[in-house]
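Try each task before reading its solution.

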Amino acid sequence: MKTKSATDQDLAAQRRASFTRRHFLRGLGACIALPAFESLLPTKLLAAGAPEGGLATTATGAPLRTAFVYFPNGAIPGAWWPAAEGADFQLSRTLQPLAPAQKQIQVIGGLDHLNAMPGADGGGDHARANGTFLTGVRMKKSATDIHAGISIDQAIARQVGHLTRFPSLELTCDAGRNTGACDSGYSCAYQYNLAWSSPNTPMTPEANPRQVFERLFGAGAPGERVANARRRRQEEGSILDFVMQDARSMQHRLGGRDQDKLDQYLTGIRELEGRIQKAEQLGEAKDPMVETPPGLPADYAQHIHLMYDIMLLAFQTDSTRIATMLLAHDGSNRSFADIGIPEGHHDLSHHQGNADKIEKITEIDLWYVQQFGKFLEKMSATQDVDGNSLLHNSMIVYGGGNADGNRHTHVNLPVVLAGGGGGTITPGRFVKHGGKPASNLFLSLADRMGVKNLERFGDSTGRLANI
Amino acid sequence: MNPRSFILTLLVISAWAGGEPLPAAVVASAEFNQKIRPILEEYCYDCHGGGENRGGVALDAFNSTTNFDGSRDVWWRVLKNLRANLMPPAKRKSRPTPEQKELIAQWIKSSVFEADPLNPDPGRVTLRRLNRVEYQNTIRDLTGVDFDALGVFPPDDTGHGFDNIGDVLTLSPMLLEKYLVAAEKIIGQAVPTESRVVPEQVVAGSQFRTGGQSKDTYSGPQSLSYYEPAFVTNIFHAAQAGQYQLDVDLMVNEKYVDDVFDYNKCRFSFRVDGKELLAREFSWEGGKPYHFSYNQNWAAGDHQLDFELRPLTPGAAQTRTLSLQITAVTVRGPMAKESGVRPKNYAQFFPREVPAPAAARRQYARELLGDFARRAFRRPVDSDTTNRLAKLAESIYDQPGKTFEAGVAEAMVAVLASPRFIFREENAEPAGGQPYALVDEYALASRLSYFLWSSMPDEELFQLAAAGRLRENLSAQLARMIADKRADALEKNFVGQWLQARDIETIPIDARSVLAREQKFDPERDALRQRFRELNDKPDDTLTPAEKTELADVRAKFFKARQGQPAADLTPDLRRAMRQETEGVFSYILREDRSLLELLDSDYTFANERLARFYGIPDVFGSEMRRVTLPPDSPRGGILTEGTVLAVTSNPTRTSPVKRGVFILDNILGIPPLPPPPNIPPLEDAIKNVDGHAPTLRETLAVHRENPLCASCHDQMDPPGLALENFNALGKWRDQEFNQPIDAAGRLVTGESFSNIRELKQVLVKNHAEDFYRTLTQKLLTYALGRGLDYYDVETVDQIVARIEKSGGRPSALLAGIVESAPFQKARVRSEATATAGDNADEKFAKEKL
């Protein structure tokens with residue numbers, strides 16, 4: 001007779017975790033293989049059928065989604081850009097993994113973020129690349145006095161967010177956080193957030209797959225979630241009343257910046273109240289009937305897949321129509337030992353013309369695109385309510401705010417626009433735009449989402465034609 | 001600060017003013033022309049005057065009519081560079097005397113900053129949200145629940161290197177939602193919602209014995225091997241007769257072995273008083289838990305519970321060490337209502353019996369919730385709050401089927417979700433017309449507890465604050481709080497971030513690549529490696545049989561060679577020991593009140609066997625960390641040569657002398673170099689080869705410094721960073737890299753030369769103690785206040801540094817200096833007018849800051 005050793009327990013726990021993880025992926029896979037998804041969509045939407053004033057809706061009455069996925073440290077330009085423009089373009093080495101979805105992607109050249117250039121602000125290109133990417137503005141250079149601008153996803157969510165249970169979804173695969181200061185006097189907030197609901201309120205992204213899944217669909221085993229969510233909602237009502245009153249009276253006692261903090265609190269409370277109302281109108285979130293995913297996976301690729309899966313599930317169930325995902329913050333020094341590149345990504349990206357380093361960076365760029373390619377394949381294999389694929393009814397920007405990581409350039413940014421926008425865009429092409437603000441593209445996407453009265457955004461100079 | 005020169009300055013000013021107060025700007029200008037300008041002319045104008053403006057600074061732009069208010073940032077830089085001996089540059093022969101430097105420093109502080117040493121500006125802290133560490137600790141101290149905030153909440157953004165800075169602690173809708181869910185979960189776990197529950201006794205697996213009751217106190221699961229017969233028993237005494245429920249928890253375990261199976265089976269049974277309730281075959285199904293439940297009608301007295309295991313497959317290979325774990329048997333009962341007992345924690349939340357009359361219940365709810373809210377909000381609550389909470393509780397417990405306790409618990413959820421819990425609101429004492437007021441004692445209690453414990457105040461602090469006696473007992477409370485176990489938070493959170501020791505647990509370092517740089521070149525092994533790659537890259541089916549044999553052979557040779565290598569990887573236990581070393585050294589110096597300079601150089605460190613072996617320190621055994629006296633020739637001792645610092649300042653495959661240099665300049669000397677320029681000029685291939693060998697980092701950096709633009713900063717960063725080149729990216733000692741001996745010699749930007757790390761440490765201790773005190777004070781003050789420091793804090797920092805120097809470098813002087821300082825004790829007063837007009841005072845201050 002002997003007692004169980006700690007190692008045994010650890011092993012058992014690990015195996016259980018990997019079992020659950022497999023189970024989740026398998027479950028989700030099975031879910032995707034279903035022919036139609038009426039069961040997962042809010043009944044009201046199907047009943048309505050017709051577009052609601054064209055707001056985030058396709059011509060065929062399906063939801064139209066927009067997502068932004070950020071990859072760090074730029075891409076080796078020579079390997080990223082296809083050789084020639086046009087509809088019959090040859091995929092470049094780095095974009096090769098997108099071959100199965102080539103007809104549904106558009107490689108967009110010639111987009112810039114001039115506000116990420118140093119200007120008078122000096123060093124800090126990673127912070128600027130990251131913080132400017134979806135905001136298009138010049139960020140205030142400060143470690144504490146943060147000031148960016150509203151990001152495009154949030155500008156869209158302001159107008160279409162009320163249609164779904166979650167106005168928007170913010171995800172990250174950058175779970176760890178180093179201590180110490182971030183890039184060159186910029187607050188870390190610029191580097192770890194893509195979405196900003198106001199110039200000083202970043203929308204903190206979620207890294208833990210389990211947490212985000214439970215937030216979307218409720219806690220508990222498949223089948224129990226609807227009841228759990230309903231019970232929580234009932235309990236929350238009186239608590240929200242109480243804390244709202246606390247917040248209001250506290251706000252009277254405070255001034256200036258302190259009031260901003262209370263504003264952030266009140267915004268959160270209103271969003272929760274809105275969701276309660278929505279649940280009353282539309283019913284509770286539909287239970288996707290898959291296993292809840294595990295917490296943070298140790299493996300980066302696993303983590304990315306889970307987060308992409310969850311984004312897909314959120315779109316499929318029409319839980320939201322807006323999502324952002326930070327694969328890793330710009331300047332990330334992640335080691336890719338699993339693919340034989342133990343050096344740090346950022347350290348390598350300053351390759352100084354060294355061929356060996358350029359090759360390694362190209363491999364990392366390719367690796368990120370591979371993960372995105374798998375996501376697109378799933379999106380393409382998932383049928384939406386109108387019979388089209390989920391990818392057809394989406395607009396997904398995959399890109400970064402650094403063009404050439406070696407020299408920290410912010411012109412001709414690497415950008416791929418995936419999806420058909422419900423038939424409003426013409427994918428399957430490589431189009432060069434010759435030096436237009438990336439914000440122009442964002443405005444064109446916002447237009448397609450039915451956003452009204454957004455004349456300008458960030459440093460936009462107009463709409464991006466020919467997308 | 002030198003008090004004598006301060007008095008001198010005052011005398012000088014009053015002499016000019018002829019006893020009459022003059023406008024500050026006039027005084028400043030007059031003194032500038034008389035006393036300051038001549039010094040600047042002599043030492044500074046060569047580069048910063050007469051048309052020269054190196055670094056964008058022209059000091060001759062200031063004259064008698066200049067209003068210095070608009071140039072505070074320039075003079076703040078002058079002050080920093082002067083004190084750090086960065087300016088005038090070390091290579092210049094003519095340098096100001098210490099007296100002249102002090103004169104300039106005093107003039108900048110009194111005239112440009114208009115600092116009043118007797119009443120310094122406390123600055124302004126933005127309302128602070130609890131960060132996730134503070135949240136977790138506060139929940140622990142408030143409710144006793146061990147809540148995993150680090151797993152549930154997203155990381156907090158940092159500013160100035162710390163994650164408790166009010167301005168940067170934002171609150172997104174997602175986080176707010178998490179606060180709500182967390183509140184429900186925590187209260188659900190902590191607060192009982194019934195006054196009586198069915199009694200429950202857990203008989204741990206280990207309490208089942210082969211024969212008789214043993215005296216062994218181990219209480220946990222017990223595993224029985226599939227391969228040997230076993231019979232274990234426990235006598236359970238039921239005090240009362242009645243209906244009982246027995247919950248049996250089992251689990252199948254195995255030692256996992258790749259691609260090997262274990263087909264053993266066993267028969268397992270559970271008997272109560274001789275009657276078989278469970279009999280079942282178990283096979284290979286590692287990690288699977290089982291739960292069984294049985295109802296029993298028991299008489300009072302002893303009942304015998306037996307488990308029996310019989311192997312069924314004596315011939316099968318026993319490869320995976322299959323075992324059946326008896327986790328526990330939980331006996332619940334008697335089920336009858338009158339046998340109910342108080343739930344766990346009941347008295348902690350409900351000290352009295354719940355009264356029956358409605359009015360008395362309401363009053364009891366008010367009492368309970370008022371007290372809970374007081375502790376949660378860290379200050380007394382008004383009756384309106386208490387009434388609203390009681391009403392909320394009543395709205396629940398008045399519902400059919402809901403208990404009084406459930407109602408109170410629900411109101412407690414509201415307390416934890418309230419902004420008054422999530423944010424640290426502070427009140428101030430009456431200002432009496434002054435621009436600055438003392439924060440009230442409740443705010444002071446929280447400032448103390450979150451600074452030293454990263455948690456809420458305890459009852460002693462609350463009581464002193466309630467009696468208005470906390471300030472008068474400040475030093476006694478400080479000593480008590482430092483001695484308390486909760487002060488560990490200061491090491492974990494302050495030191496963990498100041499020295500980045502937290503990062504050691506996750507930083508990716510590839511030991512193989514690091515060690516490859518130190519390996520002597522071996523042509524035979526290199527040829528072997530080339531061949532292995534060639535063969536391994538070929539698809540399996542294209543290999544000839546001869547090649548296959550060769551591949552297996554090469555692989556085996558490699559495997560063997562690798563096994564011979566010393567284990568140098570940063571394993572989790574080693575990383576943990578490194579973090580504990582950094583925390584332990586600081587804690588020891590703090591709690592024993594030893595000299596702060598021991599952080600720079602000491603003849604001891606903290607280590608366990610694992611870390612000592614890694615460092616090459618003999619005769620340390622066991623896993624617990626303890627103070628270890630270093631051998632006389634050891635290069636360790638002091639933070640610079642701790643594993644944490646050496647590893648977190650490295651890249652994944654190599655050291656980074658630049659990062660290490662920046663670390664020393666920023667965290668030890670307090671002169672962080674400017675950030676790298678936006679467009680880094682490429683080194684291209686100029687440094688591919690130096691004298692026919694791959695360049696060392698020292699050689700690479702030397703090429704780098706030939707460019708004057710790079711040199712301006714790298715002359716500062718590289719030498720102290722290169723002094724640590726004897727330590728690789730893992731933090732292990734080495735003598736050579738790429739077959740080149742390590743050269744750790746160098747010269748600090750302030751002029752002192754050193755030939756190795758030990759000499760550098762001595763230089764720091766002898767010549768830079770004051771810089772180090774100032775740096776540490778600035779870092780700790782930033783952490784204590786939750787805001788970045790500004791020009792008006794220079795006075796406060798100087799006072800604390802003077803106090804540390806006077807004490808001979810004692811941590812007690814540093815801590816007392818901080819908690820007694822104006823910014824820790826006081827707040828700026830918002831006037832009525834500005835308070836209603838949306839805080840123009842802040843904007844005014846913001847403008848003043850430039």
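## Exercise 1: the A–B interface

Task: find which residue of chain B pairs with A:Arg232 in a salt bridge.

Solution. Start with the side chains: A:Arg232 and B:Glu184 meet in a salt bridge at 3.4 Å, N to O. The rule here asks for a side-chain nitrogen of Lys or Arg within 4 Å of a carboxyl oxygen of Asp or Glu. Across the interface of chain A and chain B, that rule finds 11 salt bridges.

A word on ground rules: this is a predicted model, so local features need pLDDT of at least 70 and side-chain atom pairs count only at pLDDT 80 or more, while totals for chains, interfaces and linings use all residues. Residues are numbered from 1 along each chain as its sequence is written, chains are lettered from A and ligands numbered from 1 in the order in which they are written, and side-chain values use heavy atoms, with hydrogens and water left out.

Task: describe how much of each chain takes part, and which elements of chain A supply the touching side.

Solution. Step one, count contacts (heavy atoms within 4.5 Å): 79 residues of chain A touch 90 residues of chain B. Step two, take the buried area, meaning the accessible area (1.4 Å probe) that two parts lose on being put together, summed over both. It comes to about 7100 Å², with 55% of it on carbon and sulfur atoms.

Step three, go through the elements, where helices (H or I, at least four residues) and strands (E, at least two) are DSSP runs numbered from the N terminus. Those of chain A that each supply at least two residues include helix H1 (6–33), helix H8 (225–253) and helix H9 (256–282). The largest share, 13 residues, comes from H8(A).

Step four, sort the side of chain A that touches chain B by class: 27 nonpolar, 28 polar and 24 charged residues. In this scheme Ala, Val, Leu, Ile, Met, Phe, Trp, Tyr, Cys and Pro are nonpolar, Asp, Glu, Lys and Arg are charged, and the others, Gly among them, are polar.

## Exercise 2: a bridge within chain A

Task: locate the partner of A:Asp287 and say where both residues sit.

Solution. A:Asp287 forms a salt bridge with A:Arg225, and the closest N and O atoms are 2.8 Å apart. Now place them: A:Asp287 is in the loop between H9 and helix H10 (300–316) of chain A, A:Arg225 is in helix H8, and the two are 62 residues apart. Over all chains, the structure holds 80 salt bridges.
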